[in-house]
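Me: I am new to this structure and would like to learn how to read its features one at a time. Could you take me through them slowly?

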Amino acid sequence: MTAGRPAAGPQRRRVAVRGLVQGVGFRPFVFTLAAELGLAGTVTNTGDGVLAEVEGPPESVDAFCRRVATDAPPLARVASVEHEALALTGAAGFAITPSRTDGTRRTLIPPDTATCADCLAELADPGDRRYRHPFISCTNCGPRHTIVTGLPYDRANTTMAGFPLCPDCEREYTDPADRRFHAQPLCCHACGPRLALVVPGLPSLDGEAALTEARRLLADGAILAVKGIGGYHLACDALNERSVARLRRRKRRGAKPFALMARDLAEIAPLLRPDPVEEELLTGAVRPIVLLRRRGPLPAALEAVAPRSPDLGVMLPYTPLHQLLIAPPGPRLLVMTSANLSGEPVVTEDRDAFARLAPLVDAWLTHDRPIHVPCEDSVVRVVDGEQLPIRRSRGHAPLPLPLPAPVRPVLAVGGDLKNTFALAQDGYAWLSGHIGDMDDLATLEAFDRAVAHLGAVTGVRPELLAVDRHPGYRSVRHARSTAGGREVRAVQHHHAHVASVMAEHGLDGGRPVLGVAFDGTGFGDDGAVWGGEVLLADYDGYRRLAHLAYVPLPGGDAAVARPYRTALAQLFAAGLPWAPQLPPVLACPENERRVLKRQLERSLNCAPTSSMGRLFDAVSALAGICQRVEYEAQAAIELEGAALAHGPAEGAYAFGLRPVDGTLVADPAPVLAAVVADLATGAPAGLIAARFHDAVAGLVRRVCAVAREEHGTGTVALTGGVFANALLSSACAEGLRADGFTVLRHRRVPPNDGGLALGQLMVAARAAGPATI
């Protein structure tokens with residue numbers, strides 16, 4: 001204080017904090033901060049965030065307004081702090097007051113978070129009153145998104161409302177010095193949810209007895225339905241080949257890989273050797289399924305978990321129930337897969353679990369805390385040291401993404417596969433968790449429930465619906481039938497993919513990018529099936545600069561399910577004979593081959609396609625790797641695996657490239673001819689796979705170089721489901737950067753159709769209508 005200058009008097013300010021500030025211990029933090037600074041006042045939750053009033057010395061009030069953002073709790077994300085002067089009241093003390101319900105709904109609900117280290121220590125401590133409590137949590141961990149039923153975020157507005165606090169928990173809840181001060185999921189053995197094991201024909205067990213018997217059943221080879229925080233899982237001992245085979249058969253899983261849950265890193269390190277980035281993902285607060293590259297042969301039992309896949313999807317326990325279930329003496333590696341029949345939504349309701357899962361499981365390990373919001377596990381892989389989302393769900397939803405430009409209130413419905421929708425307004429987009437494939441009534445109903453819930457917690461009231469241009473998509477028909485007079489705007493599929501990458505990288509659209517969009521299927525402007533596209537695009541429009549040459553897709557879905565058909569169609573289009581020794585010729589029954597040839601010659605039910613995904617399928621079949629698929633992208637995944645196993649190869653194939661009406665057309669015929677020639681010399685499948693990957697990466701470099709010369713654009717966005725292929729993504733990025741391009745790849749939303757909604761909303765909510773540039 002300067003000598004002779006009178007001390008400034010006390011001040012009072014109202015401080016509004018917005019962002020992820022509910023369900024993360026923010027009010028207890030404010031309480032403690034105010035006490036440290038000697039401030040009086042109050043703090044409360046509102047539908048818009050957290051509102052505090054503080055009174056005291058000016059320097060303390062200033063410090064509060066600064067530190068409320070800089071010192072926030074670990075799970076909090078402060079978006080803004082606004083404050084205004086108030087009249088002094090002279091009141092003493094600081095209090096947390098009841099939440100305000102003023103009708104505003106724009107606060108952020110935190111995602112579900114893995115059990116923290118403090119709670120894990122208590123879970124394992126025989127002297128702690130929550131020792132082995134399957135629902136232990138605190139302000140820094142546990143369920144949030146999946147239990148919220150309304151706002152503000154208080155216990156009464158969660159599925160914990162039916163579990164009144166016992167006196168011990170009540171004391172912790174009201175003690176500002178306690179780690180569980182105002183922790184809404186707070187509970188213990190005395191007042192929390194109850195665990196139960198149900199085995200048909202036997203009395204049910206609860207508590208510790210249920211856990212003990214569940215571990216014994218798993219060790220004996222049983223398949224269990226296990227209720228998690230966002231839905232049921234199907235679990236079995238991953239090292240029991242018969243159990244894995246039985247689960248695969250019951251679920252009608254085909255050859256699709258299962259996800260594993262490992263007891264700890266030590267269980268997987270010798271087999272998969274995760275790198276530091278992968279270890280951080282596995283052990284962090286989100287704990288997604290991480291796709292880990294095989295480093296060598298796996299034990300025979302694990303081969304049954306992910307047959308012929310180059311990756312193994314692994315996660316570590318993220319709930320206390322998981323920790324207890326996988327602890328000794330139970331199995332140390334569990335198959336942990338979504339509890340549903342293939343294509344159906346994940347099961348969340350107990351009555352559905354007992355009815356729909358009865359043909360799949362031998363017992364149910366369940367509990368009585370309701371799941372209000374379904375949320376499947378997130379899936380990621382690491383490419384060039386950075387995270388690439390494959391499925392953005394648990395641990396991320398419903399956190400918003402900041403938008404590079406404001407948009408009007410919009411619902412973007414996504415696509416029909418890997419559906420994820422988005423609500424957006426002003427500068428934020430809220431992406432849903434994974435919904436699934438929109439191929440039945442149950443999924444559409446799950447979609448509607450999820451839209452209603454996300455709308456309730458975000459306050460977004462969409463005045464516009466953004467959809468794909470495909471007239472046959474169920475998501476499109478459903479949106480139009482439920483629009484209720486609101487405008488519905490269609491966005492071209494690959495334009496949306498490119499806009500999605502631009503948005504997550506914060507591009508405002510002022511300059512166009514070269515968008516390389518490679519996937520399986522997208523409805524083109526000319527009615528053909530697009531999927532091997534290079535676009536010059538911004539949010540307002542696009543121009544098709546290059547694409548793969550059209551080839552016939554005989555029978556549509558039949559060709560997708562049987563890559564040998566796609567391979568034969570590619571050979572036909574390339575003018576190459578169906579030599580009897582070629583693998584797809586051998587795989588195709590003679591009668592089918594005769595019909596297929598007539599079909600191609602007469603162009604009957606042969607949709608033209610430029611799909612890069614289908615070309616991957618064709619080369620996989622031609623190399624003898626995969627002739628029939630039992631899950632999406634199987635042929636391409638196994639082709640990537642063969643290339644990885646082989647390693648770098650010399651003598652890459654090369655596409656033909658020619659201008660047609662101002663557009664570059666990439667002809668795969670020279671590549672296919674080179675593959676046939678390699679096969680004639682006895683070249684191994686891995687060599688063919690490696691050379692093909694190099695050819696595609698080389699094509700991307702050539703096309704982008706020509707486009708830069710013509711249009712001066714130095715930024716390339718890689719998107720579409722084909723770029724979930726780590727080998728191709730790395731090769732393209734390395735080559736393009738060597739050529740001086742800035743390369744944008746997905747890091748926050750998936751490159752597949754799970755990221756489509758973000759691009760749809762950026763195009764539809766800004767543009768006056770479809771445009772080209």
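This is a predicted model: local features need pLDDT of at least 70, side-chain atom pairs count only at pLDDT 80 or more; totals for chains, interfaces and linings use all residues.

Me: How is the pair formed by the rings of Y428 and W430 described?

Reply: A pair of aromatic rings is described by the distance of the centres and the angle of the planes. Rings of Phe, Tyr and Trp (its six-membered ring) pair if their centres lie within 6.5 Å, and planes under 30 degrees apart count as stacked, over 60 as edge-to-face and the rest as tilted. The centres of the Y428 and W430 rings are 6.3 Å apart and their planes are at 45°, so this pair is tilted; Y428, at 36% relative accessibility, counts as partly exposed.

Me: How many aromatic pairs does the structure hold, and which residues form one aromatic cluster?

Reply: There are eight aromatic pairs. In one of them, F31 and F181, the ring centres are 5.5 Å apart and the planes are at 70°, so the pair is edge-to-face. This pair links distant parts of the chain, since F31 belongs to helix α1 and F181 to the loop between α4 (167-174) and β6 (195-198), 150 residues apart; helices (H or I, at least four residues) and strands (E, at least two) are DSSP runs, numbered from the N terminus. F31 counts as buried at 18% relative accessibility, F181 is buried at 4%, and F31, F94 and F181 form one aromatic cluster.

Me: Where does the charged end of R708 sit?

Reply: A charge sits over a ring if NZ of Lys or CZ of Arg is within 6 Å of the ring centre and within 35 degrees of the ring normal. The charged end of R708 sits over the ring of F741, 3.9 Å from its centre, and R394 lies over the face of Y318, at 3.4 Å from the ring centre.

Me: Which residues have the most contacts inside the largest nonpolar core?

Reply: In soluble globular proteins, nonpolar side chains tend to be buried together. A nonpolar core is a set of buried Ala, Val, Leu, Ile, Met, Phe, Trp, Tyr and Cys residues joined through side-chain atoms within 4.5 Å. The largest has 103 residues, and those with the most contacts inside it are F26, V30, F64, L197, L224 and L365. Helix α1 (residues 26-37) gives the largest share of this core, seven residues, while a second, separate core of 62 residues includes L545, L548, L582 and L718.

Me: Which residues of helix α8 are buried?

Reply: In α8 (residues 276-283), the buried residues are E278, L281 and L282. They cover an arc of only 100° around the axis, taken from the directions from the helix axis to the C-beta atoms, which puts them on the same side of α8. The face turned away from that buried side carries the exposed residues P276 and E280.

Technical notes: Residues are numbered from 1 along each chain as its sequence is written. Side-chain values use heavy atoms; hydrogens and water are left out. Buried means under 20% relative accessible area, exposed over 50%, partly exposed in between (1.4 Å probe, protein chains only).
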